[in-house]
Amino acid sequence: MKLKHNLTFAIAVATAFSLNARQPHSGYRGFIDWSNNIRSDKYDNWPVRQTAYYTGVTTSHGYQINPMFFAGAGIGAEYCSNYSEFIVPVFVQGRADFSFGAFTPFADIRLGANLSSGTGVYFSPSVGYRFNWGRKVGVNVSLGMTLAGYKCELYDVTVTPDGYWSLAYIGSEHRSRPYFSFRLGFDF
């Protein structure tokens, strides 16, 4: 049984690497991605790590300047069911598609704002591989990191002489959280 799975995996990998992706041509180019972000936090007074998994869709559209460089803008929405939180990025995107014979990697960078949780920075660089799928469509797989900013409310905690706690609002500040990112999508 294990040999059958290994053989199937080897055939799938060989087929994927034998697909020669055509380089994009100048003109309009669009992307639709299934985006996944995961982060794990360890808080000072909490015994276990807290893991948050966000999944959703991003889309971006723009202009393919030449066979290598793309510039565009996009929007997305990702949801974490554990904490009922969203990441809603609005971003500009730059992408470089490389071609080394049949090997077609790419580098991608997205910079903008996270509109959820009080608006913060959104920065997401990634690297990946583009597979050809038809005349004008490619399948993209990428890994990277994402920084999503948020607004944090700050409180000062004091203990009163009679043993009660007192909270005093002292303001807010912008922070960012790092995520490990995985995307699977199409370009057209």
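The model is a predicted one, in which local features need pLDDT of at least 70 and side-chain atom pairs count only at pLDDT 80 or more, while totals for chains, interfaces and linings use all residues. Residues are numbered from 1 along each chain as its sequence is written, and side-chain values use heavy atoms, with hydrogens and water left out.

**The whole chain**

Begin with a cartoon view, where the secondary structure comes to one helix and nine strands, helices (H or I, at least four residues) and strands (E, at least two) being DSSP runs numbered from the N terminus. Read from the N terminus on, the order of the elements is α-β-β-β-β-β-β-β-β-β. Of the 188 residues, 35% count as buried, where buried means under 20% relative accessible area, exposed over 50% and partly exposed in between, for a 1.4 Å probe and protein chains only. Contacts are heavy atoms within 4.5 Å, and among those between residues at least 6 apart in sequence, 55% join residues at least 24 apart.

**The nonpolar core and its cysteine**

Next, select A52, Y54, C80, I87, F91, Y122, A148 and Y179, the eight residues of the largest nonpolar core; such a core is a set of buried Ala, Val, Leu, Ile, Met, Phe, Trp, Tyr and Cys residues joined through side-chain atoms within 4.5 Å. Within this set, centre the view on C80, which is buried with a relative accessible area of 0%. Leaving out residues up to four places away in sequence, C80 touches A52, Y53, Y54 and E85. If you then select C152, you will find a residue that also counts as buried, at 16% relative accessibility. The structure holds zero disulfides, a disulfide being a pair of cysteine sulfur atoms within 2.5 Å.

**Aromatic rings**

Now show the aromatic side chains, among which a search of the whole structure finds 12 pairs. Rings of Phe, Tyr and Trp (its six-membered ring) pair if their centres lie within 6.5 Å, and planes under 30 degrees apart count as stacked, over 60 as edge-to-face and the rest as tilted. One of these pairs is Y28 with F188, which is tilted, at 6.3 Å centre to centre and 50° between the planes. This pair links distant parts of the chain, since Y28 is in strand 1 (residues 27-41) and F188 is in the segment after strand 9 (165-187), 160 residues apart. Y28 is exposed at a relative accessible area of 52%, and F188 counts as partly exposed at 37%. For a group of rings, select F98, F100, F103, Y129 and F131, which form one aromatic cluster.

The charged end of R95 sits over the ring of F106, 3.7 Å from its centre, and the charged end of R177 sits over the ring of Y150, 3.9 Å from its centre. Here a charge sits over a ring if NZ of Lys or CZ of Arg is within 6 Å of the ring centre and within 35 degrees of the ring normal.

**Three serines**

Select S35 in strand 1, a residue that counts as buried at 1% relative accessibility. Its side chain is joined to that of T58 by a polar contact of 3.3 Å, a term for a pair of N or O atoms within 3.5 Å, of which, within protein, one must be able to donate a hydrogen and the other to accept it, with residues adjacent in sequence counting only if both atoms are side-chain atoms. Beyond four places in sequence, S35 touches Y54, T55, G56, T58, E78, F182 and R183.

Move on to S116, in the loop between strand 6 (105-114) and strand 7 (120-132), which counts as buried at 12% relative accessibility. A polar atom of the S116 side chain lies 2.6 Å from the backbone oxygen of F86, and, neighbours within four places aside, S116 is in contact with F86, I87, V88 and G149.

S84 lies in the loop between strand 3 (69-80) and strand 4 (85-87) and counts as exposed at 51% relative accessibility. Its phi is near 50°, a positive value in a residue other than glycine. Most residues other than glycine have a negative phi.

**A glycine in strand 3**

Finish at G72, found in strand 3 and buried, with a relative accessible area of 17%. The C-alpha atoms of G72 and R29 are separated by 8.5 Å, although these residues are 43 apart along the chain. Apart from residues up to four places away, G72 touches H61, G62, F91, V92 and Q93.
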